[in-house]
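Hi there,

Here is the structure I promised to pass along. Have a look at it first, and my notes follow below.

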Amino acid sequence: MTFHVPTVDISPYVVDGGSPDARRPVAEDIDFACSTVGFIQIVGHGVPDDVIAGLANAMDSFFGMSPEDKRAFITPPSINRGYSAPKSESLSLSLGVESADRMNDFFEAFNVGAQASDYPSVELPEADYPSNIWPSDEFRAGVEAYYAHASRVARTLTRIFADALGVGSFDDLTDHSVDAFRMNNYALPPGEVHLEGELTGMGAHTDYGIVTVLWADQVAGLQVLGTDQVWHDVSPADGALLVNLGDLTARLTNDRWMSTLHRVKPPIVDGTIQRRRSAAFFHDGNIDAVIAPLPSHGSPLYEPVTVADHIRAKLAGSRGGTINTAAEREAARVAAALE
Ligand SMILES: O=C(O)CCC(=O)C(=O)O
Ligand SMILES: [Fe+2]
């Protein structure tokens, strides 16, 4: 069986007045992609090219600053905001898998996300919906324009998921969703780092939430673990955004839909990483939502969990260095993967 990430055109859900007849095959195709691969090439998403170019420019302007200037935007690890310098996050620990060597998680990132003020009708804890910090007005404008679209695409996908799964809507789980947007830069200062061992840009992990919308350069690096237990290279198709499911959707569907393991292994050219940028919008659900397998999906494989407890266990691994012991199912899949 060859590995293939299906392409789905979601435009019937993006345009106003898409008819039920036009939408039905979209929901069916999403159901197929989610139950066989867990990654989808999404086209017809309606994000304008100039908005994507604006995001890329904003990222270049920030990551192009000196290491000292970037460090001014570091926040405590418990706050998922601001700059994180290379090697300060360990995605392999979010899964309960020890780093194999020092060459894991070689990326720098800038994080923003949903703030309590985005949902004025709900009283929300600042700790879970922290305020964003912005290095400059230009950066902010470029990032916010893209963020608004990524948020819309994630919410559109969640609506398609509800249709595909035959539930009315997921609004009660997502109407004040904890969303996080991570801009990643995989780069090494030339000559400064001696490469030893096998280098991984971002260690193997599953995403934490409901759905992730990923923009990335068409540079090799992202690898997805297939059901054949082999890592496959995936990059976004022309004009496409890559979408993948997170753990909470696997829990909701009692593993009928897949929270697929992935990692980033940037190509090494002339002894250093070929630069690669990506930006992931994570739609993680309401902090107080309880996620349990849908009743229609068989005998539950998972205990109910609040979004808060689930994310806290994951972030304690990736940002606090504490191995997450609540991820046996995912960790077993990494261990079974062939190199
Ligand atoms: O850089 C990529 O393509 C993937 C990033 C990713 O998996 C993540 O940020 O969770
Ligand atoms: Fe990811």
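Which strands each supply at least two residues of the shell around ligand 1? Before the answer, please keep in mind that this is a predicted model. The strands are S5 (177-186), S7 (211-216), S11 (262-264) and S14 (276-286).

The residues around ligand 1 are Arg182, Asn184, Met202, Asp207, Leu214, Ala216, Leu222, His262, Val264, Ser278 and Ala280.

In soluble globular proteins, nonpolar side chains tend to be buried together. Here the largest nonpolar core has 80 residues, and those that touch the most other members are Ile30, Ile160, Val213, Leu241 and Val243. Helix H6 (residues 137-165) gives the largest share of this core, with 11 residues.

Leaving out residues up to four places away in sequence, Val243 touches Ile40, Ile42, Leu157, Val211, Thr212, Val213 and Leu214. One of these, Leu214, is also among the residues around ligand 1.

Ile42 sits in strand S2 (residues 39-43), and it counts as buried because it has 27 C-beta neighbours inside 10 Å, where 20 or more are needed. Again leaving out residues up to four places away in sequence, Ile42 touches Val8, Ile10, Ala240, Leu241 and Val243. Val8 and Ile42 are 34 residues apart along the chain, yet their C-alpha atoms are separated by 5.2 Å.

Technical notes: Residues numbered from 1 in each chain as written. Chains lettered and ligands numbered in written order. Predicted model: local features only at pLDDT ≥ 70, side-chain atom pairs only at ≥ 80, totals over all residues. Near = placed C-beta within 6 Å. Helix = DSSP H or I, 4+ residues; strand = E, 2+ residues; numbered from the N terminus. Buried ≥ 20, exposed ≤ 12 C-beta atoms within 10 Å, placed from the backbone. Contact = placed C-beta atoms within 7 Å. Core = buried A, V, L, I, M, F, W, Y, C linked by C-beta atoms within 7 Å.
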